There are 2 protein chains.
Amino acid sequence: MSSSPQSSVLSTTLRSDPCGLLRRADVGRTVQLGGWVHRSRDLGGLVFIDLRDRTGLVQLAFGPAWCAADVQHLAAAVGVESVVLCEGEVVARETERVNPDMGTGEVEIRVTSLKIVGPAVTPALPVARGRGEKMPAEELRLRHRYLDLRRPELQENLVLRHRLLQVSRRYLTDHGYLELETPILTKPTPEGARDYLVPSRVHPGEFYALPQSPQIYKQLFMCCGFDRYFQIARCFRDEDLRADRQPEFTQIDIEASFIERPDIMTLAEGLLGVMWREAGHANVPAQFERMTYADAMENYGCDRPDLRYDLRLRDYSSVFAALDFAVTTNALASGARVRGVVIPGGAAWSRKQVDELEALAKGAGAGGLLRLRKADGAYDGPLAKFLTEDAKAALALNDGDLALFVAAADRVSSPALDRVRQECARRLELIDDSAERFLWVLDFPMFEQDPESGALAAVHHPFTAPNPEDMAAFPDEPARWRALAYDVVLNGTELGGGSIRTSDPATQSRMFGLLGIGDAEEQERRFGFLLEGLRAGAPPHGGIAFGFDRIAMLLSGAPSLRDVIAFPKTTAARSLFEGAPVSVPADDLAQLHIAVRDARPGSPRE
Amino acid sequence: MSSSPQSSVLSTTLRSDPCGLLRRADVGRTVQLGGWVHRSRDLGGLVFIDLRDRTGLVQLAFGPAWCAADVQHLAAAVGVESVVLCEGEVVARETERVNPDMGTGEVEIRVTSLKIVGPAVTPALPVARGRGEKMPAEELRLRHRYLDLRRPELQENLVLRHRLLQVSRRYLTDHGYLELETPILTKPTPEGARDYLVPSRVHPGEFYALPQSPQIYKQLFMCCGFDRYFQIARCFRDEDLRADRQPEFTQIDIEASFIERPDIMTLAEGLLGVMWREAGHANVPAQFERMTYADAMENYGCDRPDLRYDLRLRDYSSVFAALDFAVTTNALASGARVRGVVIPGGAAWSRKQVDELEALAKGAGAGGLLRLRKADGAYDGPLAKFLTEDAKAALALNDGDLALFVAAADRVSSPALDRVRQECARRLELIDDSAERFLWVLDFPMFEQDPESGALAAVHHPFTAPNPEDMAAFPDEPARWRALAYDVVLNGTELGGGSIRTSDPATQSRMFGLLGIGDAEEQERRFGFLLEGLRAGAPPHGGIAFGFDRIAMLLSGAPSLRDVIAFPKTTAARSLFEGAPVSVPADDLAQLHIAVRDARPGSPRE
């Protein structure tokens, strides 16, 4: 009687088989098992234990016909979550006792010997839960992570994560990418405000920084001629955490030489396809849809549109230009546009329901939301009496439609209408949960300009290459330059992004200058080691990085990043289980040549 | 004409082929290449460039018969290490011009167009070196790492490292191991004196620590039922660095449940075998030799003996007990032993040469080295006149032998004689460089006892399980307990080590107590999260960790760890290239609620 190959891989000195893989074909075998007592039932004459390991559950049976009284007593007494070793015979269950919900449901083990090797105290929270039983609060689960991680759901998430790691590396290796490791103890970066710093014991008063990403290192690998690099890299960002961020996170980091945008995009499509298929999603397109940033903002008000529903924004400026309606007329006169979205069926919503939408728009910065609805052939709303026949024709509303407009600068109307349309899609249940719409967003602007000061900031990062066509066409208007950047988006979530880099050191210096770092000495101090690499002869290169935690979360269907990270931190950057961070004796800090001080400058304390 | 599959994987929008893979079969093809100008020669009528990329070199040829004058001028002018793109036809070289030293030596490219895309300043150190040309000093190479990493030797090291990473993970995955990631921002550990600490911006006065190893996490994974864990983990140790240490290093970290020592040893033998074969070492034994710690110390004076040569230590106490020689008699009377090593041929060494050996022994703590040599049938040395016939017979020296003795406690004689025998093996060229002697060293003592205070310290770590036989036989003499630990050694170098862990929380508490952490509250504060995991039901488990950097160094034949790490630090823990660590403005530190202070306590400075 042979067991499955998987089973034999997992056999050890102490166990012949893992629990969850025993099948009818194993009947008659004597097996040694080890595992956790998931549940137990003492029926007087018989004792049953569901024994659990990573592979699943199997039922142990203890009865006087095959085991000694002391063994049965031990089985009746063992506490849940204790670890036992046992030996017994695999027997077939009678037909009416077969459990179709268990992989091992056709068999049980008639145990002849039992040893409790890891007795458990009463668990602080239950591992085995009945159907529909509520989960304990997350804080409690994080505090007792050693128990929460026993739940099959979390185990499956981490097993999937493991498989995604393996297929990703294999795919990249097969495509000629080298896994090259970069330092964790590195130099504080330009975006230093979010660096984690590490004091040096050996060099008093000096600090390393943990990397926010291996960006500069991967570009240097290209300058050195490694041609293709990847790393599944731990990155660190010290910032106030949003609900779904972690202070340390994992990214699949990729860079390649002698390439242009299509090379990286094709590679990324293949890599995501491999991961999605590994998770059982069969229908990933070979090529993803593409959209320019300008189109995404125009039609969806957002640079990562969820294409599972339509509800596009439109420009109604020309319609409103012909109306004698003060609010919009004034806005149009000041150079703004009137943009809006038409919600089929929205006319049926109550005033309160539409007020909620307006609150969302205001929360995103809009002054208000102009409403117009058409029901039973009639128009309703502040605008209704100003509508001309031409305007009605141009609006082309159907009965039951609700139209919502924002008259403002695009940078205001886009996020406002984006939030409105997202909420409407949810309300109207327009989102097909089973659909997966992958999308490339291209041609991001290189810079974002402060509307007041006119100062430029990099939309991606300072190493992204501007589109050379734009540099030639508008040499003195960098705010008009598009970047050779690309983001990949799935159903409104950004999976990753990257760009072609500036490989010419003079252009790179100019970019730093445009970003306000014009001083050559400061450039050298902050970016010298990249500039030195570029000056030594740099190939055309570019890359991409994917948020691996997020991908693992999406593919496991988990609600939070914390469900795909073994030992995560809370949104307050604390690990509740280990208990970090903690205060440290002043003597230990003295060894590091630092002292804790109050936030107020000038008042150190020991 | 088809190119190799490897070649097609590396083709991109900007190049049809990598440089180093073009062969005779490609003759007649028009190719687009990109690479670095390795060397160039202007022969007047013709210009030749050796173009380099990761795959090797290919010769570009520029001549008036096939290329325009401006292309040839550009080729003549381009500086070494510049990056170019070119197009041309692959042609066969005439027989007498074939270069057998180059993979591409049968062909050259008649270039028709050339573009300099990455002009290079004059390199600060040469990348292309003539045969026998000396390497620049390491400090210079580390300072200009972006150039040094262009050397094919370093590139090959990192490519091998990449391959070792891939085969290791594949092997472990195939054996049911899950790659599970553990935090880098974690809790300061018991061995806190060597922790790197990271101040928290969010939690004033509190610190994370970088992990010295994922030890506790991997044991928790076992308590949680993940069954088999691995991680190729970055670890950190803040200590004064020896010549061949790095502040951050990589280990292959492994842990498994329901196992005993043989399970881990078999797995480790398989894993090392896979890595060694990947590096082209075919003859790794399926099972490694085994030796107890006691035998290793007795016969080699060392717990990681190099078995490529013999020169064993022997106990000569009984011989010396019968001699009337004060030095040794006194030592023996005090309970010490007289141990020694016989060096065939050593009798020919000068007094100075033997003095050098004695200096080594003294450096290792011995009071001196007692010498005896036999040449031409006669004995020579301070001991000679005290030798009885029985003693001579027992010593059994051959003509030409030099015998060297240390009369002292084993903890003194072992390291002293170990250094002596290592030096003798080198002098006598007894070491077969091509031999690979893998060895398991087993049964380490659990504790090492301070000879003065009697205090115990863990030889491996506090989580290692003592041998239960010894605990039963000598319940009150923990200094006599052996540990269920194992080290794997190759040619005198430790590759890795591990142990079966204590899975019983009561035994673990007792171990902490023996190590001087008797206070229950202190145990909970320092190790609570492990103890909690064990109390929740722990399986028998154990594991091993391998020094991956060292393995990559051995298998690449590199002289230093710095040659298998892309961006290493110096022995002073500095990265010369990026420039880390660095001082940080006091304002930035204030954000982290810390200030730099002098080493003298009580005198903070801003």
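Which residue is the bridge partner of Ala61(B) in β5(B)? The tour reaches that pair after a few notes on the model.

This is a predicted model, in which local features need pLDDT of at least 70, side-chain atom pairs count only at pLDDT 80 or more, and totals for chains, interfaces and linings use all residues. Residues are numbered from 1 along each chain as its sequence is written, chains are lettered from A and ligands numbered from 1 in the order in which they are written, and side-chain values use heavy atoms, with hydrogens and water left out.

Select residues 56-62 and 107-118 of chain B, which are strands β3 and β5. Strands (E, at least two residues) and helices (H or I, at least four) are DSSP runs numbered from the N terminus. The two strands pair in the parallel sense over 2 bridges; pairing requires that DSSP finds at least two bridges. In β5(B), Arg110(B) is the bridge partner of Ala61(B).

Next, display the closed barrel of 5 strands in chain B, ordered β1-β2-β3-β5-β4 with mixed pairing. Its neighbouring strands are turned by 55° against each other on average, direction ignored.

Axes are lines fitted to C-alpha atoms, for helices over the stretch in contact (heavy atoms within 4.5 Å), and angles run from 0 to 180 degrees between N-to-C directions.

Finally, select α11 (residues 351-363) and α13 (residues 410-427) of chain B, which pack at about 145° with axes 7 Å apart.
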